[in-house]
Amino acid sequence: MRRRRNTVGHPFGTIKDHFLGNARLLMRGVPRANSESSLAVLAYNLKRAINWKGTHWMIEASAA
């Protein structure tokens with residue numbers, strides 16, 4: 001439980017807090033809710049990659 005809290009807890013909390021606002025999904029239905037969650041995770045991962053590698057790397061990678 002301690003290892004899970006250290007590895008999964010922070011990203012999950014950040015996604016709920018920053019990307020989903022008050023942690024409620026706007027779309028109804030399982031497929032739409034899954035899509036909304038996937039977009040939030042994608043935004044989080046892109047933000048992490050830009051902070052890690054830099055904007056120049058992301059621009060070059062997206063142009064290729």
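## Burial and surface

A residue counts as buried when its relative accessible area is under 20%, as exposed when over 50%, and as partly exposed in between (1.4 Å probe, protein chains only). The chain exposes about 5,700 Å², and carbon and sulfur atoms supply 58% of it; accessible areas come from the Shrake-Rupley method with a 1.4 Å probe, and for residues only the protein chains shown count as cover.

This is a predicted model, in which local features need pLDDT of at least 70 and side-chain atom pairs count only at pLDDT 80 or more, while totals for chains, interfaces and linings use all residues. Residues are numbered from 1 along each chain as its sequence is written, and side-chain values use heavy atoms, with hydrogens and water left out.

## Fold

The chain has four helices and zero strands, in the order α-α-α-α from the N terminus on. Helices (H or I, at least four residues) and strands (E, at least two) are DSSP runs, numbered from the N terminus.

H3 contains 24 residues and spans 34 Å from its first C-alpha to its last, close to the 34 Å expected at 1.5 Å a residue. The expected span is 1.5 Å times one less than the number of residues. Buried positions in H3 are Ala33, Glu36, Ala40, Tyr44 and Ala49. Gly54 follows H3 and has a positive phi, near 100°.

Leu26 lies in the loop between helix H2 (9-19) and H3. Its relative accessibility is 73%, so Leu26 counts as exposed. Leu26 and Glu36 are 10 residues apart in sequence, and their C-alpha atoms are 8.0 Å apart in space.

## Packing of H3 against H4

Helix H3 (residues 30-53) packs on helix H4 (residues 55-63) at an angle of about 120°, with the axes 6 Å apart. Axes are lines fitted to C-alpha atoms, for helices over the stretch in contact, and angles run from 0 to 180 degrees between N-to-C directions. The two helices, H3 and H4, are therefore oblique to each other: angles under 35 degrees count as roughly parallel, over 145 as roughly antiparallel, 65 to 115 as roughly perpendicular and the rest as oblique.

On the H3 side, Leu46, Ala49, Ile50 and Lys53 meet Thr55, Trp57 and Met58 of H4, contact meaning heavy atoms within 4.5 Å.
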